[in-house]
Amino acid sequence: MSAQPLPQQNFPNDLEDLLPPEVYRQAVRQADLAISITDPAARILYANDSFSRITGYSRDDVLGRNESLLSNRTTPDTVYADMWAALQARRPWSGKLLNQRKNREVYLAELSITPVLDSNGEISHFLGMHRDITELHRLERMVRNQKQLIESVIDAAPMAFALLDPGGRVVLDNLAYKTLVSDMQAAEPAHHLLDLLSPGWCATLAADAGQCAFNARETRMDRPAGRARWLSVTAAAVEMHSDCADSYFCAAGQPGLLLVIADITNLREEQERAHGAALKASLAEEERTAAIREGLSAAVFRLEEPLNVMASAIAILQRRDPASADMLRQALEHSREHVESLRQVIPQSPQEISIRVNLNEILRDVLEICTPRLLNAGITVDWQPSPILPPMTGRPLQLRMLFKALLENAIEAMNVKGWRRRELQISSQASHGCLRVALLDSGPGIPAEWRHKAFEPFFTAKNGSGKHIGTGLSRAQQVVADHGGIIDLEESPSGGCAAIVEFRIDGDPI
Ligand code: FAD
């Protein structure tokens, strides 16, 4: 069935003609709003019942009197000047005035005045309507004071607060949170922290804020200058009420998330100091074992060379002098047995369990352990960690040994008599699912033709000292490979060596 146009109805042009004038009179008289009508000089010609109720003046009290009789004489002159400027320009005016009732009680009036124009467009009357908003104002002030109080308490709190609406926007925060914004060099630290501590929060917040909630999860924030900061973050689901008009009659709230971020740096630093001492001892122990392992491996490696020569000699001698060849073979077998027993006593690397590690933490530990050596060598360190670095799965002791070996190589390269530039830049960075650590020294660098050989076991560029058996980088490469990463040596911008290590965050091999 197609829609038919409605039949034309004959409404009168002027709807007011439908109502008898008495209805208007009674409507104005009985309105729950103080209504007064004045002449152009603001002399009262009419006042309704509510006017009398609110002001305390009877109709007879006010007839012929100027509206100024309501004035408490404390409303600023500028308010009246504005009012009259609008009215003289035939524009309606509304605002707030301090009035007093007949009994001198002061009240706050919300007043609206409309000029009534005659057929010539001249002001014939003014229509004034006002209501007592004293109580409303008191409640508004109370709410505002409470808000200010809450805000100053929140601002004075040592922890940072951020309230997120269902769309993830921060709608309320405090001073401590604003400090975090500059410290973390992030536009919205709440988003960074949530990405890190509650991945996928963004997609679930609007549907189920409870799923994004967690209690006291800790994370570390590294800064190029100054101490690293440790944060303990709690996220609690809260119900928020929308301030949109369309939700006025809707009792149900919307999901929001309240983040409370506490700085626990002092506590963690104390724990770290204790942990640092234990770590130093276990690293030293592991390094001693590694030195024995490498020394014995080097001995086995070097012993195998003459034994291989002997084996070739036996093969040549076999045809000319089989008896001597036999004697030599026995000697060779004995020697091989001895070498094998030597190989058996080489201590194995400890079996370390893989856990979630933060490379910034590992690098900080290594820097702390190496600080005395760096100071002795007069090396300045430019530490540029990524403020927030996702964790990876790894063996912390092995990783510490890896970076300690690279750091020690850099120190040794620069700590040469007469070498002037002694700068070390260490940076960490996360991008495209990878973690990248770069150690850039200002030493003499490694010649291009040695860069690959440097990873071979027992390769050393340091002649004669006898201290170096050249297993540091091969061991470092082994640790990197065990973690599915890659290591590379490049030329640093200063001409020195740049050791670059990369791991995948998900632990897969690169
Ligand atoms: P006034 O001498 O009345 O005036 C102060 C200044 O206002 C003058 O310097 C002048 O620039 C300007 N002004 C005053 N009257 C006129 C005019 N007719 N035309 C042009 N400019 C003028 N005041 C209240 O305090 N409380 C009220 O509830 C209130 N209700 C009002 C309702 C209506 C409908 C109207 C028209 C006015 C109302 N007024 C009210 C304003 C009031 O008439 C006075 O202007 C005001 O109270 C200041 O009074 P006053 O004696 O201090 O100064």
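In this predicted model, five strands make up an open sheet whose order is S7-S6-S10-S9-S8, and their pairing is antiparallel. The edges are held by strand S7 (170-173) and strand S8 (214-221); each has a single partner strand, so one side of each is left without a neighbour in the sheet. From one strand to the next, the twist averages 25°.

Inside this sheet, strand S6 (residues 160-164) pairs with strand S10 (residues 254-263) in the antiparallel sense, over five bridges.

In soluble globular proteins, nonpolar side chains tend to be buried together. The largest nonpolar core here has 38 residues, and the members that touch the most others are Leu 359, Leu 399, Leu 402, Phe 403, Leu 406 and Phe 503. Two or more residues each come from helix H11 (359-376), helix H12 (396-414) and helix H13 (472-482), and likewise from strand S14 (423-431), strand S15 (434-441), strand S16 (486-491) and strand S17 (497-504). H12 gives the largest share of this core, eight residues.

Leu 399 shows what surrounds one of these members. With neighbours within four places in sequence left aside, Leu 399 is in contact with Val 357, Leu 359, Ile 362, Met 392, Gly 394, Val 479, His 483 and Phe 503. Two of the names in that list, Leu 359 and Phe 503, are themselves among the residues that touch the most other members of the core.

Another core, of 25 residues, lies apart from this one; Ala 176, Leu 180, Leu 194 and Leu 197 are among its members.

Terms used. Residues numbered from 1 in each chain as written. Predicted model: local features only at pLDDT ≥ 70, side-chain atom pairs only at ≥ 80, totals over all residues. Heavy atoms only, no water. Core = buried A, V, L, I, M, F, W, Y, C linked by side-chain atoms within 4.5 Å. Buried < 20%, exposed > 50% of the residue type's maximum accessible area, 1.4 Å probe, protein only. Helix = DSSP H or I, 4+ residues; strand = E, 2+ residues; numbered from the N terminus. Contact = heavy atoms within 4.5 Å. Pairing = 2+ DSSP bridges. Axes fitted to C-alpha atoms, helices over the stretch in contact; angles between N-to-C directions.
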